[in-house]
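This briefing sets out selected geometric features of one protein chain, grouped by topic. Please consult the sequence and the structure shown below alongside the text.

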Amino acid sequence: MRRFLHALTALPLAALALTGCGSSGADATGGCPHGKVRFGVEPFEDAAKLTPAYKTLGDALRAKLGCPVEVQIVQGYSAEVLAMQNGKLDLAQFGPLGFVFAARRTGAEPVVSFGNPDRTVSTYKAGIWVKKDSPITSIAGLKGRTLALSDTGSTSGDALPRYALRKAGLADSDVKLQYAGGHPQSLIALTYGKVDAAEINTQQQATSTAEHQFDAAKYRQIWASDPIPNDPITVAKGLDPAFRSRLVAALTSLTPQDVAKVGSYLDVQPGPLVPVTRQTYQPLFDLAKTLGLTEKNL
């Protein structure tokens, strides 16, 4: 789920798990920078749901590092990237497309993502669905029809579906695009017949199915994207190298149970955090270039 809010403020909505050692200032021995690790998280789901999940992850990371970990569920992509740019975050989780622009603007470096039990990087897919009795059977059939997308700049809820339209020979203007305000809202728009089709990614599909709000048997999928690598957790450019190494080692040694609550909102089976590089997200850099996307699209 990739909802990019547009607030430009950097005020955190929540700060969690602030306990542990009390050293201050980065040092060359890998000590706690600023006396704590400041971890920003983009609100890809309701903050009330994310807060306890990230508290579990933050507590586990604190235990591994011996440093307090302050988790901040920020107000949106803009707030998070601004905080990192201004040296207010040491660690930040971005959506895949958001990372593309965060890397360009702040030099954020991806270090880990959410892994499967076999330690491969987990993925999800964008999708477009219609009701089972709909006459629409393909992307091309959306011409002149209404299509609910989630938010502007969302990887699976905006960029990839519009890319699919383009590949099918349709311009954005050929389809009546309606931004619903989020993945759940997009599904609701289709459920209540407000639109002819809607983007529903595999993460939303799994969450809504588990909550008995979505029955795939009543709908038909007319398009699915290639797998999208899940969110990267990034470190700030210029982080002390010794501490960076210790931080990455701590992240990759967290147990699947430490990560499971967060992973459940990303449709990930309990697995560890696994190493990633910028190359992991190269398809998203290519997508942004192809569509001419900039930060203004987030």
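## An enclosed helix and its surroundings

Helix α3 (residues 96–106) is largely enclosed by the rest of the structure, because 9 of its 11 residues are buried. Buried here means under 20% relative accessible area, exposed over 50%, and partly exposed in between, with a 1.4 Å probe and protein chains only. Helices (H or I, at least four residues) and strands (E, at least two) are DSSP runs, numbered from the N terminus. The model is a predicted one: local features need pLDDT of at least 70 and side-chain atom pairs count only at pLDDT 80 or more, whereas totals for chains, interfaces and linings use all residues. Residues are numbered from 1 along each chain as its sequence is written, and side-chain values use heavy atoms, with hydrogens and water left out.

- The buried residues of α3 are P96, L97, G98, F99, V100, F101, A102, A103 and T106.
- After α3 comes G107, which has a positive phi, near 80 degrees.

**Aromatic pairs**

- The count comes to 6 aromatic pairs, where rings of Phe, Tyr and Trp (its six-membered ring) pair if their centres lie within 6.5 Å, and planes under 30 degrees apart count as stacked, over 60 as edge-to-face and the rest as tilted.
- F99 and Y281 form an edge-to-face pair, at 5.5 Å centre to centre and 65 degrees between the planes.
- This pair links distant parts of the chain, with F99 in helix α3 and Y281 in the loop between β14 (273–275) and α9 (282–291), 182 residues apart.
- Both F99 and Y281 are buried, and ring pairs link F99, Y281 and F285 into a cluster.
- W129 and F214 also form an edge-to-face pair, with 5.3 Å centre to centre and 90 degrees between the planes.
- Because W129 lies in strand β7 (residues 127–131) and F214 in the loop between α6 (202–210) and β11 (219–224), the pair ties together parts that are 85 residues apart in sequence.
- W129 and F214 are both buried.

**Disulfide**

- A search of the whole structure finds 1 disulfide, defined as a pair of cysteine sulfur atoms within 2.5 Å.
- The disulfide joins C32 to C67, with an S to S distance of 2.0 Å.
- C32 is in the loop between β1 (15–16) and β2 (37–41) and C67 in the loop between α1 (47–65) and β3 (69–73), so that the pair links distant parts of the chain, 35 residues apart.
- The link of C32 and C67 is left-handed, with -90 degrees about the S-S bond, and both residues are buried.

**Helix α1**

- R62 lies in helix α1 and counts as partly exposed, at 24% relative accessibility.
- R62 and K36 are 26 residues apart in sequence and 9.1 Å apart in space, C-alpha to C-alpha.
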